[in-house]
Amino acid sequence: QRMKDATPQCITMVEGCNDALQTRLQEHFSCQAAYRYCMSTITSEYYGTALNPYNICLECGNNPLCYNFFNINNEGKDGGTTS
């Protein structure tokens with residue numbers, strides 16, 4: 001519920017950041033404030049759910065990256081991949 005309640009304010013702040021970028025007026029401060037607010041009220045709350053940020057239908061489980069990259073890290077070590 002906290003994420004839902006914070007969403008309108010986050011959207012307003014991000015829009016303010018975008019407007020400031022168009023006019024170059026204090027873009028750094030408005031964007032930094034929007035980032036901090038949205039990160040603390042929405043993003044960090046979501047990451048605390050252990051749901052996959054790329055597919056909310058999946059849980060991440062014990063993997064902090066939500067996907068198994070084992071095969072990517074080991075590609076080529078078995079001699080099957082050559083250039």
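## The C60 to C66 link

The link of C60 and C66 is right-handed, with 70° about the S-S bond. This pair forms a disulfide (cysteine sulfur atoms within 2.5 Å), and here the S to S distance is 1.7 Å. C60 is buried at a relative accessible area of 15%, and C66 is buried too, at 13%. Buried means under 20% relative accessible area, exposed over 50%, and partly exposed in between, using a 1.4 Å probe and protein chains only.

## About the model

You are looking at a predicted model, where local features need pLDDT of at least 70 and side-chain atom pairs count only at pLDDT 80 or more, while totals for chains, interfaces and linings use all residues. Residues are numbered from 1 along each chain as its sequence is written, and side-chain values use heavy atoms, leaving out hydrogens and water.

C10 is joined to C38 by a disulfide, S to S 1.8 Å. C10 sits in helix α1 (residues 2-23) and C38 in helix α2 (residues 27-47), so this pair ties together parts 28 residues apart in sequence. Helices are DSSP runs of H or I, at least four residues, numbered from the N terminus. The torsion about the S-S bond is about 120°, so the C10 and C38 disulfide is right-handed.

A disulfide also joins C17 to C31, S to S 1.9 Å. It links distant parts of the chain, with C17 in helix α1 and C31 in helix α2, 14 residues apart. Both C17 and C31 are buried.

## The overall pattern

The whole structure holds three disulfides. Counting bonded cysteines along the chain, they follow the pattern 1-4, 2-3, 5-6. As for C57, this cysteine is exposed, with a relative accessible area of 70%.

Methods. Helices (H or I, at least four residues) and strands (E, at least two) are DSSP runs, numbered from the N terminus.
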